[in-house]
Amino acid sequence: MDKQQEFVLRTIEERDIRFVRLWFTDVLGQLKSVAVAPAEIEGAFEEGIGFDGSAVEGLTRVYESDMLLAPDPASFQMLPWREGVARMFCDILTPDGLPARTDPRAVLERQLARVADAGFTCYVHPEIEFYLVDHRPDGSVHPTDHAGYFDHVPGGTAHDFRRRAILMLEQMGVSVEFSHHEGGPGQNEIDLRFADALSMADNIMTFRAVVQEVALQEGSHATFMPKPFVGHPGSGMHTHFSLFEGERNAFFDPAGQYQLSATGRSFIAGLLRHAAEITAVTNQHVNSYKRLWGGDEAPSYVCWGRNNRSALVRVPMHKPGKAQSVRVEYRGIDSSANPYLAYAVVLAAGMKGIEEGYELPPEAEDDVWSLTEVERSALGITELPSSLKSAIRAMKDSELVAETLGEGAFEFFRSNKQREYEAYDAQVTDFELQQFFPRL
């Protein structure tokens, strides 16, 4: 037994912990949990905890249902909202102790192993947007306030909410860098301090659980739906990526344009070339495309820039000359994405650009939304998929996505999303009834 496992067992005894929740994530990014008695934890470290994997979305087939949860002792934390309860994230294993091919955490771990084989460590920093809403007695949903971007509202409920959420996150070892009111009414943003990609994916799942718990305590609800309201901004999860070789930022070159190295340029080129085929993973719901194509600085077109917030990929310049701060911001991920799968496919695209030496196309200096189709075509700027249906079509023949997700996760994800858009396409909406009933 290693020292981290010993620490967990000692803490359980000293803190009088009554239950340990084992957390894991299904292919669609839903958090799953099973509560285990403290007496079972030592055995869980040694042999895992058995469960029916076929009952969890996309994990395995019925005749391969026996799976094991292997808790990660490094992820042990107390739950601030439940006295005497702790949690650990788990890897999912087959009965012979091998990583389950459809475990989202294992998908990211496999991709990070490829990144490590190339000599890099990946760090990420997400900006997570979400809405706080109230449910009215008539069943309607409304934002909790009418504030806007960076607004300071005396006595505003969002201040108290963010303060409580951040304190709770920090109690669970999740470091927060910024928080503020976003552009939409009831919309908030909390930015997590950079961490390695696997830890950050775990942190994002923790973040969602904490935000939703605090919202309920405050008498409201938090939603990570990409576009909950017509006429207001959608919720993205813009993520900053950087690759390090030891202590050296591989994206930094003091002589390069915007101090961006050849490695960084090829990484961006990979993101651009493979953007369309990874979009179904980074934007996994039919509602996601209302955000992508709804304006409000959402990225609809495949291009890159520096200060251009209409671009899919941006090179932030907040601290020129500081080597450690050079990074690449990918703006195409929304707040509902499975962070394990989303980070895996983004990294796969960027690493493909590095491995193949992709050339970076010219920067888009203008607001691409204001350009005509002819002007965008002349600049070589293409479109992201405009619907989940078109995104799945782009993903269907992608060797990069299939290899990154693995056969089982890839096929489940594709078929599940096909069912989602087919069910959506079959609906008759209120918009159609209001538009056509009066005159048809």
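Student: In which helix do Glu109 and Arg105 lie?

Tutor: Helices (H or I, at least four residues) and strands (E, at least two) are DSSP runs, numbered from the N terminus. Glu109 and Arg105 both lie in helix H3, residues 104–117. They sit four residues apart, about one turn of the helix. Some ground rules: this is a predicted model, where local features need pLDDT of at least 70, side-chain atom pairs count only at pLDDT 80 or more, and totals for chains, interfaces and linings use all residues. Residues are numbered from 1 along each chain as its sequence is written, and side-chain values use heavy atoms, with hydrogens and water left out.

Student: What joins the side chains of Glu109 and Arg105?

Tutor: A salt bridge is a side-chain nitrogen of Lys or Arg within 4 Å of a carboxyl oxygen of Asp or Glu. Glu109 and Arg105 meet in one, at 3.8 Å, N to O.

Student: Is Arg105 buried or exposed?

Tutor: Buried means under 20% relative accessible area, exposed over 50%, partly exposed in between (1.4 Å probe, protein chains only). Arg105 is buried, at 3%. Glu109 is partly exposed, at 28%.

Student: Which residue forms a salt bridge with Arg105 at 2.7 Å?

Tutor: Asp202 does, going by the closest N and O atoms. This pair links distant parts of the chain: Asp202 is in helix H5 (residues 197–217), Arg105 in helix H3, 97 residues apart. Both Asp202 and Arg105 are buried.

Student: How many salt bridges does the rule give?

Tutor: The count comes to 15. Another joins Lys396 and Asp397, at 3.7 Å, N to O.
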